[in-house]
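Subject: Model handover

Hello,

Here is the model for you to look over. My notes follow below it.

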Amino acid sequence: MKILRVMGICVVTSVMIMLFLSGLDYVFSNDTTSWSRIELHELYGQEEIDSLFLGASHVYSGINPDIADAAWGQNTFNCSTSAQRIDTSYLLLKEANRVADIDNCYLELSVNGVTRGVEDGTLQEICRVSDYMRPSWNKFVYLWTTIQPQDYINVFCRARRNWKSVYSLQTMKETVSAKWTAAYRNYEYVKVESGDYAGKGFIRFKEEFENVGARVRQPIRENLVNEEFRYYFHEIAQYCQENNIRLVCFSAPLPEYTLESFGNYDEYYMQAKELCEENGVCFYDFNMANPSILGMQDTDFRDSTHMNEMGAERFTKVFADFFAGKIEEEELFYASYEEKKEQLPERFIGLILRRDTSGEFCKIRSVTTKKDKFKFEVYYEDDNGECTLLQEKSRNRKIALPSAEKINIKVCVFDSQDNQVGKYDKIV
């Protein structure tokens, strides 16, 4: 009887603690615009998923499940999340297979993705998924292996992450009011400026990419693949084999600007392909796609790495047709990006603007598929919006800068025939 009494006290105490934490969460944690909250809720509502898409933001902005459903006659689901790490992909694969019996898994690989290990993630990236998972062995193992002891309180007490709102009665009222709606209870998406949740994990973006000096990318190094990534990738491949799941890896299209800015994209392609071959997995890089079949334009992207709604539609249609066997591999893919470049029309793509190590000069680098002797007219814009000429039309690519921590540089680009081919600005 004493043992039963103690057990009863423990159960009642645990229930009271859970109710208390849930109350704090309701008051202090405003997740009314969370994509993953609705996505995980939809996942648990699926009776069967024929094909699952996994990866980070390239996937949730680039693959539209509705298009894949129609093309394949299947039920597909986009289970990607922002900055999704490989261990999180492994978790979601197992959880999706537990609730919906997966037949096919399409896992996206990217330059940034393969370099990330378990310790490279943030608590926010972990909780973005774990907060909305139902209790399961998969969730327990994931939290046990990823959460550090100093983060235990923040994981199990979500309100602790938003402790500053304790001092704001207005914030608390706004949070409760937002949650006290039928839309929140029914998991209806509340549209925000950053994107529109379109269902089954797909996020619809309207913006179009403008070449205004994307962030500088370093050349792709040898031994790019992180060892933790390699370990979990092997675990995914082995899990799929043991559970009769067909695993296919791919890389989503990037703008020409981004591919060119790496300078040696084929180095990534060879390393990713080798990783997949070591694990008996097929790999397809859609940056090698024939432009006559998949002709991605700058207007198909919302920034230097992510597709918008128009690009996702274009890409998903070709993606679905290829895996449906309607397009031959030899017809769609080049053997390398350098081989593809030889078939591209010559054009000026953009500029990369950055300070040198001294901070006294701005260096200009052309991103182009054509060889031409470009000239640059450079201006400096002050805080009042007034422009000062720093360099008249010249081939000089090293511009002396005024003394300031941040400077807004404007560059007009002219080809050898003095035709203006671009106008760019960036704060350096």
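K200 lies in the loop between strand 4 (196-197) and strand 5 (203-204). Helices (H or I, at least four residues) and strands (E, at least two) are DSSP runs, numbered from the N terminus. The phi of K200 is near 55°, a positive value in a residue other than glycine. Most residues other than glycine have a negative phi. K200 counts as buried, at 13% relative accessibility. Here buried means under 20% relative accessible area, exposed over 50%, and partly exposed in between (1.4 Å probe, protein chains only).

The ground rules are these. This is a predicted model, where local features need pLDDT of at least 70, side-chain atom pairs count only at pLDDT 80 or more, and totals for chains, interfaces and linings use all residues. Residues are numbered from 1 along each chain as its sequence is written, and side-chain values use heavy atoms, with hydrogens and water left out.

Overall picture

The protein has 18 helices and 14 strands. Of its 428 residues, 50% are buried. Take the contacts with a separation of 6 or more: residues 24 or more positions apart account for 73% of them. Contact means heavy atoms within 4.5 Å.

Helix 5 covers residues 86-100, 15 residues in total. From first C-alpha to last it reaches 21 Å, close to the 21 Å expected at 1.5 Å a residue. That expected span is 1.5 Å times one less than the number of residues. Helix 5 is mostly covered, with 13 of its 15 residues buried. Just after helix 5, D101 takes a positive phi of about 55°.

Helix 5 packs with helix 13 at an angle of about 15°, and their axes are 8 Å apart. Axes are lines fitted to C-alpha atoms, for helices over the stretch in contact, and angles run from 0 to 180 degrees between N-to-C directions. Helix 5 and helix 13 are therefore roughly parallel. Angles under 35 degrees count as roughly parallel, over 145 as roughly antiparallel, 65 to 115 as roughly perpendicular and the rest as oblique. From helix 5, the contact uses I86, D87, S89, Y90, L93, K94 and N97. From helix 13, it uses E228, F229, Y232, F233, E235, I236, Y239 and C240. The crossing of these two helices is left-handed. A crossing is left-handed if the near helix is turned anticlockwise from the far one by less than a right angle, and right-handed if clockwise.

Y239 deserves a look. Y239 sits in helix 13 (residues 227-242) and is buried at 14% relative accessibility. Setting aside residues up to four places away in sequence, Y239 touches Y90, L93, K94, N97 and I245. Y239 and K94 are 145 residues apart in sequence, yet 8.3 Å apart in space, C-alpha to C-alpha.

N244 is in the loop between helix 13 and strand 6 (246-251). N244 has a positive phi of about 55° although it is not a glycine. Is N244 buried or exposed? N244 is exposed, with a relative accessible area of 68%.

S136 lies in the loop between helix 7 (123-130) and helix 8 (137-146). S136 touches E95 and R98, not counting residues up to four places away in sequence. With a relative accessible area of 16%, S136 is buried.

Other helices

The axes of helix 4 (residues 65-72) and helix 16 (residues 309-323) come within 9 Å and cross at roughly 30°. That makes helix 4 roughly parallel to helix 16. Their crossing is right-handed. In helix 4, I67, A68, A71 and W72 meet E313, T316, K317, F319, A320 and F323 in helix 16.

Helix 2 (residues 35-44) is largely enclosed by the rest of the structure, because eight of its 10 residues are buried. The buried ones are W35, S36, R37, I38, E39, L40, L43 and Y44.

Cysteines

How many disulfides are there? The count is zero, where a disulfide is a pair of cysteine sulfur atoms within 2.5 Å. C387 is in no disulfide, and the nearest cysteine sulfur, that of C412, is 9.3 Å away. For C412, the closest cysteine sulfur is in C387, too far for a bond. C412 is buried, with a relative accessible area of 8%. C387 is partly exposed, at 43% relative accessibility.

Best wishes
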